[in-house]
Amino acid sequence: MPSRLTRLGCSLLLCLVSNLAWADVVVVTSAQSAVTTLSRSELADIYLGRNSRFPGGQPATPVDQRENSPAYIAFYRHYLGQTPTQIKMHWSRLIFTGRGQPPHSEADNETMADFIAQNSDAIGYLDNAYLDDRLQVVSID
């Protein structure tokens, strides 16, 4: 039977690994976008369909990755504090009432990077290993 200390050590290790995965997912826009900083609530409003514009007034087009991909899970948990199930329920309610549609979805980090780079009003997230000079990281306060 594992000791309390062993269980505590495993829990701490799991938290550390989870936080490292979150740290690798960054919010990005095209390098041509004027958006460089957003608050968490502004980001949530854009991704949950409550606002379709960035704070400066320019259109905002949120882009998701495939549901339940590692980046999708990390983004929603870390930046919005939501699980994939909560996000699915949110969009199901909005779709049912005719008040919105979920963000456009890309298959993976690579297609996300390509889409964001070609669309100056788009905002997305990806593993920071896929960053290149076509993209800029958005600081989330």
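Which residues have the most contacts inside the largest nonpolar core? The legends below begin with this point and then turn to charged side chains. The model shown is predicted.

**Figure 1. The largest nonpolar core of the predicted model has 25 residues.** Leu38, Leu43, Tyr47, Phe75 and Leu80 are the members with the most contacts inside this core. At least two core residues come from each of β1 (25-30), α2 (40-47), α3, α4 and β5 (122-127). Helix α3 gives the most, with 6 residues.

Figure 2. Not counting residues up to four places away in sequence, Leu43 touches Val27, Leu38, Phe75, Tyr79, Leu80, Ile123 and Ile140. Another core, of 10 residues, lies apart from the largest one. Among the residues of this other core are Val28, Met112, Ala117 and Leu135.

**Figure 3. Glu106 is a buried residue without a salt bridge.** Glu106 is placed in strand β4, which spans residues 104-106. The nearest side chain of opposite charge belongs to Arg66 and is 11 Å away. A salt bridge requires a side-chain nitrogen of Lys or Arg within 4 Å of a carboxyl oxygen of Asp or Glu, so Glu106 has no such partner, Arg66 being 11 Å away. With neighbours within four places in sequence left aside, Glu106 is in contact with Val63, Asp64, Gln65, Arg66, Thr111, Met112 and Phe115.

**Figure 4. A salt bridge joins Glu67 and Lys88.** Side chains of opposite charge can pair when their charged atoms come close. In the pair of Glu67 and Lys88, the closest N and O atoms are 3.7 Å apart. This pair links distant parts of the chain, 21 residues apart: Glu67 lies in the loop between β3 (61-65) and α3 (70-79), and Lys88 in helix α4 (residues 84-97). Glu67 is partly exposed, at 36% relative accessibility, and Lys88 is also partly exposed, at 48%.

**Figure 5. Asp45 and Arg50 meet in a salt bridge through their side chains.** The N to O distance is 2.8 Å. Asp45 is partly exposed, with a relative accessible area of 25%, whereas Arg50 counts as exposed at 54%. The structure holds 4 salt bridges.

**Figure 6. Asp114, Asp132 and Arg134 are linked in a network of salt bridges.** Between Arg134 and Asp132, the closest N and O atoms are 3.0 Å apart. Arg134 is partly exposed, with a relative accessible area of 29%. Asp132 is likewise partly exposed, at 30%.

Methods:
Residues are numbered from 1 along each chain as its sequence is written. This is a predicted model: local features need pLDDT of at least 70, side-chain atom pairs count only at pLDDT 80 or more; totals for chains, interfaces and linings use all residues. Side-chain values use heavy atoms; hydrogens and water are left out. Helices (H or I, at least four residues) and strands (E, at least two) are DSSP runs, numbered from the N terminus. Buried means under 20% relative accessible area, exposed over 50%, partly exposed in between (1.4 Å probe, protein chains only). Lys and Arg count as positive and Asp and Glu as negative; His and the chain ends are not counted. Contact means heavy atoms within 4.5 Å. A nonpolar core is a set of buried Ala, Val, Leu, Ile, Met, Phe, Trp, Tyr and Cys residues joined through side-chain atoms within 4.5 Å.
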